[in-house]
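The following exercises are to be worked through with the sequence and the model at hand. Each task is followed by a solution in steps.

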Amino acid sequence: MEEITYKLKALEKIENKSQPELTKLDFSELLSLAQDSNSEIRSRVAQILASIPCQHSENILLLLINDKEELVRVNACDSLSFSTSIDTLKLLLKKVKHETWLVRMYAILSIGDITCSINSSPQTYKVSWLLEKMLKVEESESVRLSYYVSLVKLGKRKYYRNILKKLDAKDYRVRCIAVHSLLELVEKEQYSLTKYKLEKRLAIESSFAVKDNIQHALFELDKIQ
């Protein structure tokens, strides 16, 4: 237990540094801890690397997306959203085909972010086509939501209404993600409809977490209108 505490403190020390302050020794330590026997340590490494967007971080995360523990893979896929690499994009697209629903969800969200960062029309078209093809056979409600979010980011605005529908999903976690996504993706012409749907959901919502998210979203919408 003391050893784990020591390692977590070492990671916290690295996390508190600004990126220019990080040394080769810091990245060596991150690489070493990414291979630690304790999955909590490996998971924290994956989380921390999200705030250190560089090739060293990406290389470590590409190791962690194949970790034996699901949560480590989830955090690694999530943190790779900063990438601008076509190779990383291809790896995540392959990964979606044989992963758990939770890993698929975060991999798809990062696929959307990476494709946007690459900012290539042919690449955007190709990825959009692939995502729509995979969406047709996806059964998980949570994962389908991640497809909608990424497709909207890639210019397929018709899927925005699909996200609105997820405000009434049975799983409160799906509703939470939907609220967060709507706030991120809303455009001016959709303010009124989005606000109406959020207020309608708030009136019947039983989950404190979802209520809190909706109230925050409505507050932010009023600020930007």
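**Exercise 1.** By class, how many nonpolar, polar and charged residues does the lining of the largest pocket have?

*Solution.* The structure is a predicted model, in which local features need pLDDT of at least 70 and side-chain atom pairs count only at pLDDT 80 or more, while totals for chains, interfaces and linings use all residues. Residues are numbered from 1 along each chain as its sequence is written, and side-chain values use heavy atoms, with hydrogens and water left out.

Step 1: define the pocket. On a 1 Å grid over the protein atoms alone, a pocket is an open set of points where a 1.4 Å probe fits, with protein on both sides within 12 Å along at least five of seven lines; lining residues have an atom within 4 Å of a point.

Step 2: list the lining. The residues are Asp78, Ser81, Met105, Tyr106, Leu109, Asp113, Val149, Lys153, Ile177, His180, Ser181 and Glu184.

Step 3: sort by class. Ala, Val, Leu, Ile, Met, Phe, Trp, Tyr, Cys and Pro count as nonpolar, Asp, Glu, Lys and Arg as charged, and the others, Gly among them, as polar. The lining therefore has five nonpolar, three polar and four charged residues.

Step 4: The volume, meaning the space filled by probe spheres set on the grid points, which are joined across faces, edges and corners, is about 220 Å³ for the largest pocket. Helices H7 (101-118), H9 (141-153) and H11 (172-185) each supply at least two lining residues; helices here are DSSP runs (H or I, at least four residues), numbered from the N terminus.

**Exercise 2.** Describe the second largest pocket in the same terms.

*Solution.* Step 1: the volume of the second largest pocket is about 160 Å³.

Step 1: Lys90, Leu93, Lys94, Lys97, Leu130, Lys133 and Met134 form its lining. Helix H6 (86-96) and helix H8 (121-135) are the elements that give two or more of these residues.

Step 2: the classes are three nonpolar, no polar and four charged residues.

**Exercise 3.** Characterise the salt bridge between Lys7 and Asp36, then that between Lys223 and Glu220.

*Solution.* Step 1: a salt bridge is a side-chain nitrogen of Lys or Arg within 4 Å of a carboxyl oxygen of Asp or Glu. The whole structure has 20 salt bridges.

Step 1: in the pair Lys7 and Asp36, the closest N and O atoms are 2.5 Å apart. Lys7 lies in helix H1 (residues 2-15) and Asp36 in the loop between H2 and helix H3 (39-48), so that the pair links distant parts of the chain, 29 residues apart.

Step 2: buried means under 20% relative accessible area, exposed over 50%, and partly exposed in between (1.4 Å probe, protein chains only). Lys7 is buried because its relative accessibility is 16%, and Asp36 is buried because its value is 10%.

Step 3: for Lys223 and Glu220 the closest N and O atoms are 3.5 Å apart. Both residues belong to helix H13 (residues 208-224), three residues apart, about one turn of the helix. An α-helix has 3.6 residues a turn, so residues three or four places apart point the same way. Lys223 counts as exposed because its relative accessibility is 52%.

**Exercise 4.** Is Asp26 buried or exposed, and what does its side chain reach?

*Solution.* Step 1: Asp26 is found in helix H2 (residues 24-33). Asp26 is buried because its relative accessible area is 7%.

Step 1: its side chain reaches the backbone nitrogen of Thr23 at 2.9 Å.

Step 2: apart from residues up to four places away in sequence, Asp26 touches Ile14, Lys17 and Glu21; contact means heavy atoms within 4.5 Å.

**Exercise 5.** How many residues of helix H5 are buried, and against which helices do they pack?

*Solution.* Step 1: H5 (residues 70-79) is mostly covered, with seven of its 10 residues buried.

Step 1: these are Val72, Arg73, Val74, Asn75, Ala76, Cys77 and Ser79.

Step 2: the buried residues of H5 pack against H3, helix H4 (55-64), H6 and H7.

Notes: A polar contact is a pair of N or O atoms within 3.5 Å; within protein, one must be able to donate a hydrogen and the other to accept it, and residues adjacent in sequence count only if both atoms are side-chain atoms.
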